Amino acid sequence: MRVALFATCVNDALFPGTAVATVRLLERLGVTVDFPAGQTCCGQPQYNTGYRGACEPLVRRTAEAFAGYDHVVTPSGSCVAMVRDNYPRIGARAAAEGRGTQLADLATELAPRVVELTEFLIDVLGVEDVGAHFPHTVTYHPSCHGLRLLGLGDRPRRLLSAVKGLELVELPGAEECCGFGGTFAVKNAAVSAAMAEDKIANALGTGARVLCGADNSCLLHLGATLRRRRAPLRPLHLAEILASTEAHPWRPSR
Amino acid sequence: MTGTFLGMPAFPQAAARAVRDGQLRANLRHATHTIRDKRARAVAELDDWAQLRAAGKAIKDHTLRHLDRYLVQLEETVTAAGGTVHWAADAEEANRIVAGLVKATGQSEIVKVKSMATQEIELNEALAAEGITAYETDLAELIVQLGDDRPSHILVPAIHRNRAEIREIFAERMAAWGRPAPRGLTDSPAELAEAARLHLREKFLRAEVAVSGANFMVAETGTLVVVESEGNGRMCLTLPRTLISVVGIEKVVPTWRDLEVFLQLLPHSSTAERMNPYTSLWTGTAAGDGPSEFHLVLLDNGRTTALADRIGRQALRCIRCSACLNVCPVYERAGGHAYGSVYPGPIGAILTPQLRGTASPVDASLPYASSLCGACYEVCPVAIDIPEVLVHLRERVAEQGGHPLERAAMAAAGFVLDHPAALTVAERLAGRTRALHPRRLPGPGRAWTDTRDLPEVPAEPFRDWWRRNRT
């Protein structure tokens, strides 16, 4: 099977380790991975801040970059939700504003082909045990867009539970937002920081050494807060845990 | 804290102050988590919750689509039942109508049933200017009124107050408004409730005029409905000679069959009860039973403007249950006052900017008072997609000028992201200069680095790894 990787701009620029891990994991499972070079950003920061116009060229770019692939695998729930929920809306608005249906057609054609990594593993490949080894105590934060917009449910936990050596501990208040919210983190910095504080207190209380998530934008915010406090907890994307094996254990990439 | 929302600072400033108030955060955390968990249990009891929710949404959408027809029908049925209907385009007109009706009775005081619509139009202040005193009779509204305070929650307006503060307000302020608090009042809930009961009973027995809102108005019979927990509303609705109800035009439902859906949705979502203790229904007037004079003031005050907006209009489905407030992580930390309106929380963040516009700093900041986590949408009993409306209203704010620095940043990002070669150059530049990156930024960047380090930039972007390893 051949798929396209939508690395996402955050992973490309700041968390290349997650994108590399996604490639290695998928290849280990027998999938051929392409990285279409025309891809950049899904446009979520612009759209969610109120700049729908600035987002439209990125809808077009993303649709064109991934044309022809049955599966566009994305290690970020919020970028998938952006494409799935908002691209058709953006297209429909453009059509309603008398600018033709081209954007709407591109959006509705692309939306169902974009899948989040855990959806791809469980629903498309039908695997739960991906052959990973990660001998650490881990707690999992389900990011809001994966949880509520995509309905990922227990997919990430099922994948983590099958990892050899991994001890999964439940995160109290797991379903509460971490406070990132894109530009919310700077527009309402005080509330954002207070939310991160509570999330981190809950995570530290579990005794886990690794705070796993499936969305690096949330982990960017939580990780930056943890580093400021020199807290003994490492944020890590799910893909990096699933890519880790006994032969090739996870190592910090930077 | 004063009893007005005029001149409020923008949400981020007000919220930052609230976040620093440890007592407030503890009060709100405890209260919202308690009711959030209770609601989840109450809703879980119903096998058909999803269908009820879909029905509530569909009934409201149908009614809003044909609002002109149902409002005229309501006017006819209320009039036929002995009531008088008044139409108010805005707050000023509604206040003028109510003041005129009270004056015509020769009275200078009224009792009030808890009502969001009269808070929205600041009726008490308008009546005071005409020499008429309005007494709030809902326990929490009484606490707010005696404390010269503002409500901070739709259902529990004094949620920001604890028992000790309430005891103090009763002991110090009740005497100025009527029957004083009993001597030696403690902060036990039973004693506080008894003090309020004695204070309010005197008002109920004396009142000639009552003002209420309504949760629903049934068009087919002209029946108004108030749901409540205390029974104080029923006192106001039955004892006085004259009853004046001020109700937003979106509160109409076509039939009693429709009402049945909402009488399940509302208590489950608001107080986490299968059924609320008091449901009062009245249809016009009845000789020898209840008020002999009934006036209904139908309030627009921005609602038809919201109705004209294809995305924003779903906010008019709201039944004021406050479930969205109780699950909102932002409300939990910022408190209700930061929203600068009688409608706080997620619903307030989409309702207020539609009813009042987005010209003032606080109104323009409300659509951004959310991390878009979606918890509000999940619990909304009429499925209002609050995040969708928030983003839609953000677009409106951005179009009216937004923030100059933000516009510039969006334009620059737009160019780079539409030119992958430029993006690669930017990523490599960031990687090669990473040893020089500071941990804290000056100016606007401090909003990130006050509590967080800057992200560590990797030595090479993924693009370059791919080029080296897979091509």
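I take a residue as buried if 20 or more other C-beta atoms lie within 10 Å of its own. The model I examined is predicted.

**Entry 1: helix H12 of chain B**

I looked up what covers the buried residues of H12(B), and the cover includes helix H2 (22–44), helix H3 (49–65) and helix H14 (323–327) of chain B. Strands E5 (216–218), E6 (223–228) and E8 (252–253) of chain B are also included in that cover. Among the buried residues of H12(B) I noted Asp258(B), Leu259(B), Val261(B), Phe262(B) and His268(B).

I then checked the length of this helix, which runs over residues 256–270 of chain B. Its 15 residues should span 21 Å at 1.5 Å a residue, and the end C-alpha atoms are 21 Å apart, so the two values agree. After H12(B) I found Ala272(B), which has a positive phi near 60°.

**Entry 2: chain A as a whole**

I recorded 13 helices and eight strands in chain A. Its radius of gyration is 18 Å, close to the 18 Å from the globule rule for 254 residues, so chain A is as compact as a globular protein of that length. Along the principal axes, its C-alpha atoms fill a box of roughly 55 × 45 × 30 Å. I noted that 60% of the 254 residues count as buried.

**Entry 3: where the chains touch**

I found that chain A gives 52 residues to the contact and chain B gives 46 residues. The elements of chain A that give two or more residues to this side include helix H2 (16–28), helix H4 (52–65) and helix H12 (216–229). I recorded the residues on the chain A side as 30 nonpolar, 13 polar and nine charged.

Note on methods: Residues are numbered from 1 along each chain as its sequence is written. Chains are lettered from A and ligands numbered from 1 in the order in which they are written. This is a predicted model: local features need pLDDT of at least 70, side-chain atom pairs count only at pLDDT 80 or more; totals for chains, interfaces and linings use all residues. Two residues are in contact if their C-beta atoms, placed from the backbone, lie within 7 Å. Helices (H or I, at least four residues) and strands (E, at least two) are DSSP runs, numbered from the N terminus. Ala, Val, Leu, Ile, Met, Phe, Trp, Tyr, Cys and Pro count as nonpolar, Asp, Glu, Lys and Arg as charged, and the others, Gly among them, as polar. The expected span of a helix is 1.5 Å times one less than its number of residues. A residue is buried if 20 or more other C-beta atoms lie within 10 Å of its own, exposed if 12 or fewer, and partly exposed in between; C-beta atoms are placed from the backbone. The radius of gyration is taken over C-alpha atoms; the globule rule is 2.2 Å times the number of residues to the power 0.38.
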